[in-house]
Amino acid sequence: MARRWVVGNWKMVRAQPTVPEWLQSAAQQPTRAGVDVSVAVPAPYVFLAQQLLQGSSLAWGAQDVSWDEEGAHTGEVSATMLAESGCSIVLVGHSERRLRFGETDAQVTAKASRARAAGIRPIVCVGELAAERRAGKAESVVGAQIEALLVGLHGDLSGISIAYEPIWAIGTGVAAAPEEAAAMHGFIRHQLGGSATSTPLLYGGSVSAENAAQLMSLPDIDGVLVGGGSLRTESFFAICDAAARCVGV
Ligand code: PGA
C-alpha cells in the first residue's frame, strides 16, 4: 500500500503548549503528498478542532464512540454527533478502554460498525500484554481480536483501519523491535484475507520522530498511531515528515 497514515492520540492529556496553539499551528501545515494526517482529540476539543482545522491538511476525530445510535445513554457520544462535528476518524477499542473500562470484542465491533455507518473511519486497536507475549500467546490474542471483528462485520472491513499496539510498548518509550512489529503486521495481513490489501494497518506504541521512518518502511506497516509523540507539534510533524519519506516504499 503506497499511502501512509499518521494518527495522533492525545488521550486525556492536553496538547502543548495549549490546545488552541497546537491546532492553530497544525492548521498551517503543508499537505504531505500521499500522507493522511489526523488527530484524535478529547471530546470537548472536537468542536475547536473543527473550527481551527477546517480546510487544513489535517483531519480530526475522537477517541471513543457509542455503539448506540441515540437515546438515554448519559455520558456517551454518538457517531452521528461526531460526524456532525466533522470527525472523519475515531479510535475504537484502544487497550486503555479494553483494560480499564472492560470493553469487549463485541462492543468494539459494534462501535466500529456504528462509526462506519456514520461515515467515520474507525481505527480498531488490537494488541497483547507483555505477559501474553512472554507466554508465546501474542498471535493468538491478537488473532482472536481480529477474528471477532471479521465475524462481527461479516468479513467486510471496508472503511476500517486496524492499529496493532502491543500494550507493553504503549507509553514506555520502548517500541516493538522492527522484526516483532513486522512479524505481527504480516500475521494480521494474512488473517485479513480478502480485506488485506484495502485495510490500512497502523503500528502504535512509543512511536517517535526517531523511529517512525524505520517502522513505516517495514512491510505491512502503513502508518502509525502516536500517543505521547503527538502532544507537541514539532515531534508530531516530524513523524508526518517521516511518513512522507516512506510513501511508496
Ligand atoms: P504512545 O501511545 O505513543 O504514547 O506509546 C500510543 C497509543 O496508546 O495510542
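**Salt bridges in a predicted model**

Arg133 is partly exposed, with a relative accessible area of 24%. Before going on: this is a predicted model. Glu180 also counts as partly exposed, at 28% relative accessibility. These two side chains form a salt bridge, at 4.0 Å from N to O. Arg133 sits in helix H6, residues 130–134, and Glu180 in helix H8, residues 178–192, so the bridge ties together parts 47 residues apart in sequence.

Next, Arg189. Which residues does it pair with? One of them is Asp220, with the closest N and O atoms 3.0 Å apart. Asp220 is in the loop between helix H9 (212–216) and strand S8 (223–226), while Arg189 is in helix H8, so this pair ties together parts 31 residues apart in sequence. Asp222 also meets Arg189 in a salt bridge, at 2.9 Å from N to O. Asp222 is in the loop between H9 and S8, so here the parts tied together are 33 residues apart in sequence.

On burial, Arg189 and Asp222 are both buried, with Arg189 at 14% relative accessibility. Asp220 counts as partly exposed, at 27%.

Elsewhere, Asp64, Arg97, Glu103 and Lys111 are linked in a network of salt bridges. The count comes to 14 salt bridges. The chain has 18 positive and 24 negative side chains, and the centres of the two sets lie 3 Å apart.

Now the chain as a whole. There are 10 helices and eight strands. The radius of gyration is 17 Å, close to the 18 Å that the globule rule gives for 249 residues, so the chain is as compact as a globular protein of that length. Of the 249 residues, 50% count as buried.

Definitions and conventions. Residues are numbered from 1 along each chain as its sequence is written. This is a predicted model: local features need pLDDT of at least 70, side-chain atom pairs count only at pLDDT 80 or more; totals for chains, interfaces and linings use all residues. Side-chain values use heavy atoms; hydrogens and water are left out. Helices (H or I, at least four residues) and strands (E, at least two) are DSSP runs, numbered from the N terminus. The radius of gyration is taken over C-alpha atoms; the globule rule is 2.2 Å times the number of residues to the power 0.38. Buried means under 20% relative accessible area, exposed over 50%, partly exposed in between (1.4 Å probe, protein chains only). Lys and Arg count as positive and Asp and Glu as negative; His and the chain ends are not counted. The place of a charge is taken as NZ of Lys, CZ of Arg, CG of Asp or CD of Glu.
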